[in-house]
Amino acid sequence: MAGLTTGGPNVDVSLLYDINGLARHAPAGVDRAVALVGSYGIPLALVLLFLWCWHGTRRQDEATAAESFAALVWAPLAAALVLLVNVPLRAFVARPRPYAAHSGLDVLAPYAGPGDFSFVSGHAGLAMALGVGLFIAHRKLGLIGIGLALAEGLCRVYLGVHYPTDVIGGFALGTAVVLLLAPLAMALLTPVVRAVARSPRAGRLVRAKRRALPRPVDLAQPQTPPPGCRPHESDLAA
């Protein structure tokens, strides 16, 4: 605990200076781009991934669609729980922001003022919770979401507002909340989702409306009886 409150181990601080030091040599436009990507770009990309996953989930069979949709519902709930747990955790650790304990950092985010602690990173925890939750619903899209969460953590260190261990702690918190509570959450959410799927209107949130298949056309032509054969004789012969 003492290592956290006094600024962290030397490797942590060294990585902070190395990653944040890239901002000193980068053009101002790059710094603004990183700030925009970390604040808006990555969250927007995660939302688009969720919408794409939801679009594909609705076209699955009923059982699979219900489980996938329940996982998509659980992911933002878990992310909100991560932010809730992070409030007392930050107050307990009480680790100052890097720029409050170390000089020479290029701080690219607004100063939050005293009392705003660093451990753990809420942005990293939120992004990782969404990424891991998406992974439960869809493996490939979930890997992309986890990659975006890793990029979010890197942005926070680049901006000079978090130590690397703050980001790692956020990743661990987000992953733990999603995976440890997933069995209970899925057991509670899946029956609710199945009930919604049976609703005539609300069910479209879970399953896409099935188009009626065209009725097959019988192309068989009636056989013409041979000359001199009466219809009833043809039937008897058949």
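This is a predicted model: local features need pLDDT of at least 70, side-chain atom pairs count only at pLDDT 80 or more; totals for chains, interfaces and linings use all residues.

Reader: How many helices and strands are in the protein chain?

Author: Helices (H or I, at least four residues) and strands (E, at least two) are DSSP runs, numbered from the N terminus. This chain has 9 helices and 0 strands.

Reader: What percentage of the residues is buried?

Author: A residue is buried under 20% relative accessible area, exposed over 50%, and partly exposed in between (1.4 Å probe, protein chains only). Of the 238 residues in the protein chain, 40% are buried. Cys-53 is buried, with a relative accessible area of 2%, and Cys-155 also counts as buried, at 11%. Lys-140, in helix α7 (residues 139-158), is exposed, with a relative accessible area of 65%. Lys-140 and Cys-53 are 87 residues apart in sequence, but their C-alpha atoms are 9.9 Å apart in space.

Reader: How many disulfides does a search of the whole structure find?

Author: A disulfide is a pair of cysteine sulfur atoms within 2.5 Å. The search finds 0 disulfides.

Reader: Which residues are in contact with Leu-49, leaving aside its neighbours within four places in sequence?

Author: Contact means heavy atoms within 4.5 Å. Beyond those neighbours, Leu-49 is in contact with Leu-134, Leu-141, Ile-144, Gly-145 and Leu-148. Leu-49 belongs to helix α3 and counts as buried, at 11% relative accessibility. Across the protein chain, among contacts with a separation of 6 or more, 80% join residues 24 or more positions apart.

Reader: What is the volume of the largest pocket, in Å³?

Author: On a 1 Å grid over the protein atoms alone, a cavity is a set of points where a 1.4 Å probe fits but cannot get out; a pocket is an open set with protein on both sides within 12 Å along at least five of seven lines, and lining residues have an atom within 4 Å of a point. Grid points are joined across faces, edges and corners, and a volume is the space filled by probe spheres set on the points. The largest pocket holds about 310 Å³ of space. It is lined by 15 residues, and the closest to its centre are Pro-43, Leu-46, Val-47, Phe-50 and Leu-130. The largest share of this lining, 8 residues, comes from α3.

Reader: Which backbone features deserve attention?

Author: Most residues other than glycine have a negative phi, and most peptide bonds are trans. Ala-94 is not a glycine, yet has a positive phi of about 55°; Ala-94 is found in the loop between α4 and α5. The peptide bond from Phe-119 to Val-120 is cis, with omega near 0°, and Val-120 is in the loop between α5 (98-101) and α6.

Note on methods. Residues are numbered from 1 along each chain as its sequence is written. Side-chain values use heavy atoms; hydrogens and water are left out.
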